[in-house]
Amino acid sequence: AVEDIVLPAEDDFEAEEDDMTDGSAKGTRVVDIMISEWMGYFLLRESMLDSIIRARDKFLKRRTGLMMPSHTTMYFAPVQDEEERKHSSNDYNASMSDWSEFADTTKTVYGVNMSVLERSFEREQREYYSLSSRWSELEPAAVLSEPKIVKVLDMTTCTLEESKGIFAGDPYSTFDFDVKGDEVVGPISGFAGWFTADFKSRTDEAGIGAPKLPSPAFLSTGPNDGYTHWGQQTFYLLSSIPLLKGETT
């Protein structure tokens with residue numbers, strides 16, 4: 001576990017004053033920069049950020065240490081992708097058809113009634129095929145309204161609680177969209193999420209004396225910025241929402 005790692009401190013290491021008074025063991029905060037590709041689908045889906053935060057809080061120099069990426073932002077927008085939405089529905093129907101065939105065969109051949117499991121199996125398949133997000137590679141034209149920021153993380157200061165997701169009452173957790181039927185081709189098939197990552201200087205007050213990056217870098221996984229293995233995560237609606245000419249949805 002990250003918490004059990006011990007980094008050797010050089011004999012002539014001089015800890016920053018803050019690093020000696022925050023409860024850390026002497027010589028623990030010896031790292032100048034932490035670089036990690038921890039980002040999952042829609043930034044947080046693979047739940048790797050908590051390990052990075054624990055390592056940061058144990059090893060990174062508080063006032064001068066750098067995190068790369070330094071800042072991350074999550075975006076959300078309504079999208080049109082009927083082919084994949086219908087494909088998701090078809091996958092669910094096919095899975096339930098396979099179950100029905102399996103249950104009939106098991107009862108006919110072996111005399112075993114599997115009906116006691118049917119409700120649990122149906123719920124599991126619905127959650128997987130209909131109520132979970134799916135990886136997608138959307139065209140820019142598929143985005144039907146201006147994307148909204150739903151979460152911003154400063155990697156130097158974010159907390160374990162913030163790494164768990166988006167919660168009611170969080171900054172940016174309330175948002176709405178205007179989808180204009182005269183400007184885009186519908187229907188609304190669902191909502192897609194993606195993220196951006198900045199590699200730039202620290203912006204927190206405690207890091208004012210940290211080294212400055214003369215050439216910041218930027219990564220986007222959005223539809224407008226080409227292919228990445230992260231793609232976008234799309235949450236498809238059970239039924240699409242039609243768009244009408246002259247009306248805003």
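In the protein chain, residues 24 or more positions apart account for 82% of the contacts (heavy atoms within 4.5 Å) with a separation of 6 or more. The model is predicted: local features need pLDDT of at least 70, side-chain atom pairs count only at pLDDT 80 or more, and totals for chains, interfaces and linings use all residues. Residues are numbered from 1 along each chain as its sequence is written, and side-chain values use heavy atoms, with hydrogens and water left out.

The protein chain has four helices and eight strands, where helices (H or I, at least four residues) and strands (E, at least two) are DSSP runs numbered from the N terminus. Their order from the N terminus on is α-β-α-β-β-α-α-β-β-β-β-β. Of its 249 residues, 41% count as buried, that is, under 20% relative accessible area with a 1.4 Å probe, protein chains only.

Helix α2 spans residues 49-59, and its buried residues are L49, I52, I53, A55, R56 and F59. Seen down the axis of α2, these residues fall within an arc of 165 degrees, so they line one face of the helix; the arc is that of the directions from the helix axis to the C-beta atoms. They pack against β1 (33-35), β2 and β5 (148-154).

S70 lies in the loop between β2 (66-68) and β3 (71-79). S70 is buried, with a relative accessible area of 2%. Not counting residues up to four places away in sequence, S70 touches L153, D154, M155, T156, D198, F199 and K200.

Technical notes: Buried < 20%, exposed > 50% of the residue type's maximum accessible area, 1.4 Å probe, protein only.
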